[in-house]
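Please consult the sequence and the model shown below.

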Amino acid sequence: MLFRQLFDEDSSTYTYLIADRTLKQALLVDPVLEQVEGNYQLLDELGLTLEYCLETHIHADHITGTGKLRTMTGCSVIVPENAPVTCADGFMGDKQVLKLGSIIVEAIATPGHTNSHVAYFINQKILLTGDALFIRGCGRTDFQSGDPGVLYDSVTQRLFTLPDETLVYPGHDYNGNTVSTIGEEKQSNPRFVGRDRLQFITLMNNLNLPNPKKIKEAVFANQKCGNV
Ligand code: FE2
């Protein structure tokens, strides 16, 4: 398996490129519109055909590159079940599996940041956590369909119950972190350690974060796969 972590500096978003080296087929998770040309060039240089673009959720902080990549490559666009999207070719619900050669992608429903968020568990080893769980943090819950209590349940009951050695690759990082493990986050994530559900809700409801600069255009555009 080929696995690459790609980064969009402007929105601090991680995009993941995963490919079966034998079949030369690839999928991208959470591509960013401004990085599409670079993604396309990388696929070309590696001799890979893009089969799928997957979204962990409908983003509010950047415009997705999935629609443009579909136009360029003919790939299929897969979004979480119940996401308010009209442009997808397919949906992934909890425990649903997508296979690409030797790559097995299992969706884990992890609502809370948005109500249709999923994490993707790759070959039972690599967990793409989207904005449910960050390295020493988590996604915010104060807009779109966010709900801190639901996020607490998703992280503690669905993600923290995976094996400790599971690699955690988040949807964003604002501090230069690249990878963690479930064991590490269970032990050291300050949003969750020592906090029960109610304390977590209080914490999340008092973060007072500014809205992402692209929220208005991004949510609207992402419901159309970035094609506006
Ligand atoms: Fe997000």
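The structure holds 10 aromatic pairs, where rings of Phe, Tyr and Trp (its six-membered ring) pair if their centres lie within 6.5 Å, with planes under 30 degrees apart counted as stacked, over 60 as edge-to-face and the rest as tilted. The rings of Tyr 14 and Tyr 16 form a tilted pair, because their centres are 6.2 Å apart and their planes stand at 40°. This is a predicted model, in which local features need pLDDT of at least 70 and side-chain atom pairs count only at pLDDT 80 or more, while totals for chains, interfaces and linings use all residues. Residues are numbered from 1 along each chain as its sequence is written, and side-chain values use heavy atoms, leaving out hydrogens and water.

**Aromatic rings**
- Tyr 14 is buried at a relative accessible area of 6% (buried means under 20%, exposed over 50%, partly exposed in between; 1.4 Å probe, protein chains only).
- Tyr 16 is likewise buried, at 2%.
- Phe 192 and Phe 200 make a stacked pair, with 4.8 Å between centres and 20° between planes.
- Phe 192 is buried at 6% relative accessibility, and Phe 200 is buried at 0%.
- Ring pairs join Phe 3, Phe 7, Tyr 14, Tyr 16 and Tyr 169 in a cluster.

**Glu 37**
- Glu 37 is partly exposed, at 47% relative accessible area.
- Glu 37 touches Lys 68 and Met 72, residues up to four places away in sequence not being counted (contact means heavy atoms within 4.5 Å).
- The C-alpha atoms of Glu 37 and Met 72 are 9.7 Å apart, across 35 residues in sequence.
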